[in-house]
Amino acid sequence: MIRAFLICNALLCLVLLSQGGCDRLMGKGPATAPAAAANAAPVTAAAAFSRDVPVYLDEIGKVVAMDSVAVVPQVAGKVISTQVEDGAYVKKGQLLFEIDPRPFEAALASAKASLAQNRADLDWAQADFKRTEELMSTNVVSQLEFEQKKSVLGVDQAKIDASQAAIQMAELSLEYARILAPIEGRAGARLVDPGNVVKANEGTMLVIQRLDPIYAEFTVTENDLGTVRKFMADHGMEVGNEANLGLKVEVDVPANSERVMATLTKAIAQPATAPAQKRAGTLTFMDNSIQAGSGTVKLRATVPNSDHYFWPGQFVNVRLVLTTQKNAVLIPAAAEQIGQQGPYVYVVGNDQTAQMRPIVPGQRQGDALVVEGGLAAGEQVITSGHMLVQPGSKVMVLPSAPPTTQMASSK
């Protein structure tokens with residue numbers, strides 16, 4: 001009997017111990033704190049920060065050479081030499097082409113000979129007129145003869161002037177036989193070769209474009225025109241001062257082009273270059289009318305381009321900086337969510353709960369977003385894990401990756 005009693009007690013204790021273990025495994029019993037932690041949604045978060053940011057308009061623009069000259073022959077003749085290679089960089093005054101100068105040299109020699117003859121005729125006419133003038137007082141010559149001698153003198157003087165003009169024209173034609181670069185810049189493809197016969201003022205021989213500085217042309221809508229003009233006035237722009245309209249412009253190439261360039265760099269096994277940065281320029285031109293078909297106004301920025309990074313005809317991203325917003329509140333752009341009531345973020349409270357906060361979003365600043373209202377600098381906002389979060393629910397903030405270079409420089 002005693003043995004059976006002891007066996008029954010042992011079995012009862014074993015059952016009780018098993019029940020307690022199952023309760024703990026099922027989340028029951030005294031282990032309430034670990035269970036609460038397990039129910040918290042894992043998220044990453046970042047603190048809102050403040051800094052000065054630009055207020056801007058983003059547009060698509062096109063690169064245009066500051067100077068573009070089509071080299072056209074000014075005299076007719078046969079091209080005897082070319083002194084420029086396709087795509088070469090040329091300096092102003094550099095010899096590009098030579099046209100056979102012999103016809104122009106002969107014309108110059110003929111004009112000089114004609115001048116010498118006319119000078120001899122003028123000397124004789126002056127001496128003859130002087131004798132006639134002296135005889136007028138003795139009534140030996142008539143008034144008609146006197147007038148005739150005077151007319152011959154005037155004609156011979158006019159022939160001198162014509163001969164001098166012919167010499168200048170011949171010298172100019174001889175000068176035009178040597179075609180020089182009118183500007184400094186990069187040459188395109190050569191369109192004539194030695195042996196070609198060219199006509200005066202017909203046919204392009206070469207196109208030269210100046211690449212530094214360079215223009216970035218873009219448009220703004222007529223709805224934005226008033227805003228642009230307002231900030232131009234705020235920057236002290238003077239009417240008629242096209243050298244500087246007071247606003248800064250940032251120009252860069254599209255991201256897709258950058259990725260292609262990086263791929264090509266790796267493909268040819270060359271050292272990778274640093275990522276391209278936006279180039280700062282100045283707004284220097286605004287058109288004087290709105291284009292009827294598109295309702296836009298053309299603007300132009302002048303951008304330094306000493307390394308020839310920008311190329312004529314290239315499409316670029318243009319940011320027209322209107323002003324600077326002081327102490328703007330920014331958050332990572334990934335923190336913004338859109339709901340039925342509009343944009344909002346989840347703010348992590350001191351009790352580690354998520355609170356839905358409506359916000360008024362502003363402009364993007366790289367990977368960051370300006371918040372115009374609804375949030376203060378220093379508050380923690382959830383940047384990932386939103387699908388697991390409910391308003392008022394517990395969250396567990398996980399360590400996040402280091403901020404990107406752009407975000408880090410923004411703080």
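Colleague: In which strand is the place of Val297?
Modeller: A bit of housekeeping: this is a predicted model, where local features need pLDDT of at least 70 and side-chain atom pairs count only at pLDDT 80 or more, while totals for chains, interfaces and linings use all residues. Residues are numbered from 1 along each chain as its sequence is written, and side-chain values use heavy atoms, with hydrogens and water left out. Helices (H or I, at least four residues) and strands (E, at least two) are DSSP runs, numbered from the N terminus. On that numbering, Val297 belongs to strand S14.

Colleague: Does Val297 count as buried or exposed?
Modeller: The cut-offs, with a 1.4 Å probe and protein chains only, are under 20% relative accessible area for buried, over 50% for exposed, and partly exposed in between. Val297 has 1% relative accessibility, so the label is buried.

Colleague: And which residues does Val297 touch?
Modeller: Contact means heavy atoms within 4.5 Å. Leaving out residues up to four places away in sequence, Val297 touches Phe218, Thr219, Val220, Leu225, Met286, Asp287, Ser289 and Ile290.

Colleague: What distance separates the C-alpha atoms of Val297 and Thr221?
Modeller: Along the chain these two are 76 residues apart.

Colleague: How many of the eight residues in strand S11 are buried?
Modeller: S11 covers residues 214-221 and is mostly covered. The count of buried residues is six.

Colleague: Which strand pairs with S11 over eight bridges?
Modeller: Two strands pair if DSSP finds at least two bridges between them. S2 runs antiparallel to S11 and is joined to it by four bridges, with Lys62 partnered by Glu217 of S11. The antiparallel pairing over eight bridges is between S11 and S14.

Colleague: Which residue in S14 stands opposite Glu217?
Modeller: That residue also has its charged end over the ring of Tyr215, 4.4 Å from the ring centre; the test is NZ of Lys or CZ of Arg within 6 Å of the centre and within 35 degrees of the ring normal. Lys230 does likewise over the face of Phe231, at 4.5 Å. The one opposite Glu217 is Arg300.

Colleague: Turning to the open sheet of four strands, what is the strand order?
Modeller: In general, strands of a sheet pair through backbone hydrogen bonds, either parallel or antiparallel. Here the pairing is antiparallel, and the order is S7-S6-S4-S9.

Colleague: Why is one side of S7 and of S9 left without a neighbour in the sheet?
Modeller: S7 (178-180) and S9 (197-198) stand at the edges.

Colleague: Which residue in S7 is the bridge partner of Leu95?
Modeller: Strand S6 (residues 95-99) and S7 pair in the antiparallel sense over three bridges. The S7 partner of Leu95 is Leu180.

Colleague: How many salt bridges does the whole structure have?
Modeller: The criterion is a side-chain nitrogen of Lys or Arg within 4 Å of a carboxyl oxygen of Asp or Glu. Among them, Arg102 meets Asp100 at 2.9 Å, N to O; Arg102 is exposed at 58%, whereas Asp100 is buried at 12%. The search finds ten.

Colleague: How close are the N and O atoms of Asp58 and Arg319?
Modeller: Asp58 is partly exposed at 45%, while Arg319 is buried at 13%. Their salt bridge has its closest N and O atoms 2.8 Å apart.

Colleague: How many residues apart are Asp58 and Arg319?
Modeller: Asp58 sits in strand S2 (residues 49-65) and Arg319 in strand S15 (residues 315-332). The pair links distant parts of the chain, with a separation of 261 residues.

Colleague: How many aromatic pairs are there?
Modeller: Rings of Phe, Tyr and Trp (its six-membered ring) pair if their centres lie within 6.5 Å; planes under 30 degrees apart are stacked, over 60 edge-to-face, the rest tilted. The whole-structure search gives two.

Colleague: Why is the pair of Tyr309 and Phe310 classed as it is?
Modeller: Both residues are buried. Their ring centres are 5.0 Å apart and the planes are at 65°, so the pair is edge-to-face.

Colleague: What is the angle between the planes of Tyr344 and Tyr346?
Modeller: These two are buried as well. Their rings form an edge-to-face pair at 5.6 Å centre to centre, with the planes at 85°.
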